[in-house]
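Q: I would like to go through a protein model with you. Could you take my questions one at a time?

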Amino acid sequence: SSQNNNIISTIAGTGIAGYSSGPSSIHAVLNLPKSLFYDENNQILYFSDSGNHMIRSIDMSDDDVNKTISVIAGTGSSVYNGDGKSAVSLNLNSPTGILAFSHHHNSGAGGIGIRNSSLFVVETGRHSIRLLTYTQQTGYPTTRPTTSSPTTSWMPTVTSTLQPTQP
């Protein structure tokens, strides 16, 4: 007989719907988490917390028990409040899907690298797709958008909303 050595473990959530950031991801309370995207280079797991109207991230490089969970977009309100603002000041309405991408290039000026990342968010409650753009200028390419230090500055901004036209 073959033995199954696969182990299932909870990374985030308590099993009770609601909201809290918790002291760690396993103590955080989530509400209808939907889709995820894993950034392997930075070891960040992004996911839509649809019922809480936000996009959150988990730092997977943290130790097994105390993973840091952060809100990267959304206030918890679903009332539309426009584009062109920081992602943490943005109201999202039931985000259900996310897709992230990034590109890197070297500015050539003193060896400082510039990294640009974008996150597409399917905003189901508004029947739209939002584009969140993160810009960082730093000499440390592995710095995460959920952290800040004197040498890094992540400035998430909603740059546009894509909506279908009605026939």
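Q: What share of the 167 residues of the protein chain counts as buried?
A: Of these residues, 39% count as buried, where buried means under 20% relative accessible area, exposed over 50%, and partly exposed in between, with a 1.4 Å probe and protein chains only. Please note that this is a predicted model, in which local features need pLDDT of at least 70 and side-chain atom pairs count only at pLDDT 80 or more, while totals for chains, interfaces and linings use all residues. Residues are numbered from 1 along each chain as its sequence is written, and side-chain values use heavy atoms, with hydrogens and water left out.

Q: And how many helices and strands are there?
A: The protein chain has zero helices and eight strands. Helices (H or I, at least four residues) and strands (E, at least two) are DSSP runs, numbered from the N terminus.

Q: Let us go inside. Which residues have the most contacts inside the largest nonpolar core?
A: They are I55, A73, I98, L119, V121 and L132, in a core of 13 residues. The elements giving two or more residues to this core are β2 (44-49), β4, β5 and β6 (113-123). A nonpolar core is a set of buried Ala, Val, Leu, Ile, Met, Phe, Trp, Tyr and Cys residues joined through side-chain atoms within 4.5 Å.

Q: Which residues make up the other core, the second one?
A: This separate core has six residues, including A28, L45, F47 and I58.

Q: Back to V121: what does V121 touch?
A: Leaving out residues up to four places away in sequence, V121 touches I55, P95, G97, I98, S128, I129, R130 and L132. A contact means heavy atoms within 4.5 Å.

Q: What share of the contacts joins residues 24 or more positions apart?
A: Among contacts in the protein chain with a separation of 6 or more, the share is 41%.

Q: New topic: how many salt bridges are found?
A: A search of the whole structure finds four. A salt bridge is a side-chain nitrogen of Lys or Arg within 4 Å of a carboxyl oxygen of Asp or Glu.

Q: Which residues are linked in a network of them?
A: The network links D83, E123, R126 and R130. R130 pairs with D83, their closest N and O atoms being 2.7 Å apart. These two are 47 residues apart: R130 is in strand β7 (residues 128-138), and D83 is in the loop between β4 (69-73) and β5 (95-106). E123 also meets R130, at 2.7 Å from N to O, and R126 meets E123 at 3.5 Å.

Q: Are those residues buried or exposed?
A: R130 is buried, with a relative accessible area of 0%, and E123 is likewise buried, at 0%. R126 is buried too, whereas D83 is partly exposed, at 28%.
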